[in-house]
Amino acid sequence: MAMAYTLLRRFSRVFQLNVQRQAIMFSGVRHKSTVHYATRPDQPKLAYRKVKGKSPGVVFLPGFASNMGGKKAEALEEFCQSLGHSYLRFDYTGCGSSEGEIVDGTVGTWKRDVLYVLDELVEGPQILVGSSMGGWLMCLAAIARPERTAAMVGISTAADHFVTVYNTLPIEVRKEIEEKGQWVVPTKHNEEGSITFTTEFLKEAEQHCVLQSPIPVTCPVRLIHGMKDQDVPWHVSMQLAERVLSNDVDVILRKHGQHRMAEKEDIKLIVYTIDDLIDKLTTLV
């Protein structure tokens, strides 16, 4: 009887969600949230967009040097609006519309940004959705604020990635980098074609590594990764799955998925994964 009720509830939810999606699609109207700025004592202002709604809410954490205006972030806002759940997306210090300079940013700086969002800008437990470096920050936030973390969804999670890649370089190369004080890494994701990390940035990042010991996270965890990811290998998500203490952990691999996971089918998978978690969490309540 209980199973039949659960299945009926799930079918009703999926039907309702599809109707809502079609209504948005055919109306051609997307009610985007407006940009707000959070003023913090002695810290740069944080730009964010927020949709009010039911709990659990969803908070999107973008990747390194990225911003809240990407396809995934916007698609999740539309999805949460259609379900009536709260949603928040924001720009880290030095990124997008937030104040500050990215060259002054550190993993610790951006971790503080996430904790500020959880402490001051949202109410109640949240599903944290972290993309690339945002997946690393998601883990740090879940450790620091377990009562605010209802679940985690990692997308191409780059936990410890800067440090891991640096430590795999030959000793001679690392010595040269330390002498110069900076590490220039080729990338396809910006106009310059490279990203520069200072040795100070790398040393600070090392203090926030999470994969070297058990991770005290017990909430549901979903890790989505593309097997064609040329920036962060998919086995990083496997490592993370092994490290978290939660027993409710799924790793979802997309055979042809790239790092950004921004194709239509990628976003559909992310939305379905979050929808399933919302259903699970509200059913438990």
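Predicted model: local features only at pLDDT ≥ 70, side-chain atom pairs only at ≥ 80, totals over all residues.
Residues are numbered from 1 along each chain as its sequence is written, and side-chain values use heavy atoms, with hydrogens and water left out.

Let's start with helix H3, which covers residues 107-121. Helices (H or I, at least four residues) and strands (E, at least two) are DSSP runs, numbered from the N terminus. The expected span of a helix is 1.5 Å times one less than its number of residues, so the 15 residues of H3 should span 21 Å, and the 20 Å between its end C-alpha atoms agrees with that. H3 is largely enclosed by the rest of the structure, because 11 of its 15 residues are buried. Buried means under 20% relative accessible area, exposed means over 50%, and partly exposed is in between (1.4 Å probe, protein chains only). Among the buried residues of H3 are Trp110, Asp113 and Tyr116.

Asp113 brings us to the salt bridges. A salt bridge here is a side-chain nitrogen of Lys or Arg within 4 Å of a carboxyl oxygen of Asp or Glu, and a search of the whole structure finds 11 of them. Asp113 pairs with Arg40, with 2.9 Å between the closest N and O atoms. Arg40 sits in strand E1 (residues 35-40) and Asp113 in H3, so this pair ties together parts that are 73 residues apart in sequence. Both partners are buried.

Another pair joins Glu123 and Lys50, at 3.3 Å from N to O. Glu123 is in the loop between H3 and strand E5 (126-131), while Lys50 is in strand E2 (residues 43-51), and the two are 73 residues apart. Glu123 counts as exposed at 56% relative accessibility, and Lys50 as partly exposed at 24%.

Lys180 is exposed, with a relative accessible area of 60%, and Glu176 is partly exposed at 42%. Elsewhere, Arg222, Asp248, Asp250 and Lys280 are linked in a network of salt bridges.

Now for a glycine. Gly226 lies in strand E9 (residues 221-226) and is buried, with a relative accessible area of 0%. Which residues does Gly226 touch, not counting those up to four places away in sequence? With contact meaning heavy atoms within 4.5 Å, they are Trp234, Arg254, Gly257, Gln258 and Met261. Gln258 is 32 residues away from Gly226 in sequence, yet their C-alpha atoms are 5.2 Å apart.

Last stop: the largest pocket, which holds about 1,300 Å³ of space. Of its 45 lining residues, Phe64, Ala65, Ser66, His189 and Ile195 are the closest to its centre. On a 1 Å grid over the protein atoms alone, a pocket is an open set of points where a 1.4 Å probe fits, with protein on both sides within 12 Å along at least five of seven lines, and lining residues have an atom within 4 Å of a point. Strand E8 (194-198) is one of the elements that supply at least two lining residues, and its five residues are the largest share.

Definitions and conventions
Points joined across faces, edges and corners; volume = space filled by probe spheres on them.
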